[in-house]
Amino acid sequence: MSGRWTVLVLCLGAFNFGACEPYRIEYRERPSFYKQTSETELLDEVVLEDGTVLRFSDSKNTPPPAPSSQRQERDGTPSAEPISIRTATESGELMLTSYSPEHVLSHIKRGIRLREYQLLWDQVLSNATREAYARDGGDFEDFAAFCDENRSELMQFLNRVGFGIYSSDVVKESFGSSGIRIRLHPSLSSQFKFTQLEIVRESNQLRWLMIR
């Protein structure tokens, strides 16, 4: 969205000032590739807990952040095919790929929502995190228990990040040699149990390192 947004404050009951109830609408641009990479339907309008209405439109000028297959148009110009980040093999096994932080966020949101914890453990969670579980005597069952016990709070955080990922509500920053931290702006963090997601690059893909 590159920080582009518009705020309108509207007043209901224009002819009855005693019943005037102001509320805010924010118009935000969302890169067009996001619809290609998302495995769930993206909403064009979202109402936040404070009553703010977010209305999204797709930006046509933002290229996708990940490689994709290409085909040649009649005039010889290559055209990007839609990116598939969740595919099924001939045997029916699901394969998840993550080339951008948005891909990781999409996988985690879907996995938590549908309780696909084994899929998250096997293909989304980083090797470093699984090794940390093992060092502490933990395993997949402990990870699944954490996800299930905190499912509501995790979804609240993940949804809020998804709504604001292209705005100043969400801060992206690098750490270490290949880490990406996605966190809520301090003005919002006090409203949520979880406030930041850490992602690392492993074997040419991005993986979920930690959520705090």
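Predicted model: local features only at pLDDT ≥ 70, side-chain atom pairs only at ≥ 80, totals over all residues.
Glu173 stands opposite Arg181 in strand β10. Strand β10 covers residues 179-184 and pairs with β9 in the antiparallel sense. Six bridges join β9 and β10.

Now widen the view to the sheet. Four strands build an open sheet, and their order is β9-β10-β11-β12. The pairing is antiparallel. Strand β9, residues 170-175, stands at one edge and β12 at the other. Each of these edge strands has a single partner strand, so one side of each lacks a neighbour in the sheet. Direction ignored, neighbouring strands are turned by 25° against each other on average.

Follow the sheet to β12. Strand β11 (residues 196-202) pairs with β12 in the antiparallel sense, again over six bridges. Arg201 stands opposite Leu206 in β12. The hairpin of β11 and β12 has two residues between the strands. In that hairpin, Ser203 takes a positive phi near 50°.

Is β12 enclosed or open to the outside? Strand β12 spans residues 205-211, and six of its seven residues are buried. The strand is therefore largely enclosed by the rest of the structure. Yet β12 is an edge strand with a single partner in the sheet. For the protein as a whole, 40% of the 212 residues count as buried.

What packs on this sheet? Helix α6 does, touching β9, β10, β11 and β12. The direction of α6 makes about 100° with that of β10.

Helix α6 also meets another helix. Two packed helices are described by the angle between their axes and the distance between the axes. For α2 (residues 101-113) and α6 (residues 151-164), the axes come within 10 Å and cross at roughly 150°. Angles over 145 degrees count as roughly antiparallel, so α2 is roughly antiparallel to α6. The crossing of α2 and α6 is left-handed.

Which residues make the contact? From α2 come Leu105, Ile108, Lys109, Ile112 and Arg113. From α6 come Arg151, Leu154, Met155, Leu158, Asn159, Val161 and Gly162. Seven of the residues in the contact of α2 with α6 are nonpolar, two are polar and three are charged.

Finally, step back to the whole protein. The protein has seven helices and twelve strands. Of its contacts with a separation of 6 or more, 48% are accounted for by residues 24 or more positions apart.

Note on methods:
Residues numbered from 1 in each chain as written. Heavy atoms only, no water. Axes fitted to C-alpha atoms, helices over the stretch in contact; angles between N-to-C directions. Parallel < 35°, antiparallel > 145°, perpendicular 65-115°, else oblique. Left-handed = near helix turned anticlockwise from the far one by under 90°. Contact = heavy atoms within 4.5 Å. Nonpolar A, V, L, I, M, F, W, Y, C, P; charged D, E, K, R; others polar. Buried < 20%, exposed > 50% of the residue type's maximum accessible area, 1.4 Å probe, protein only. Pairing = 2+ DSSP bridges.
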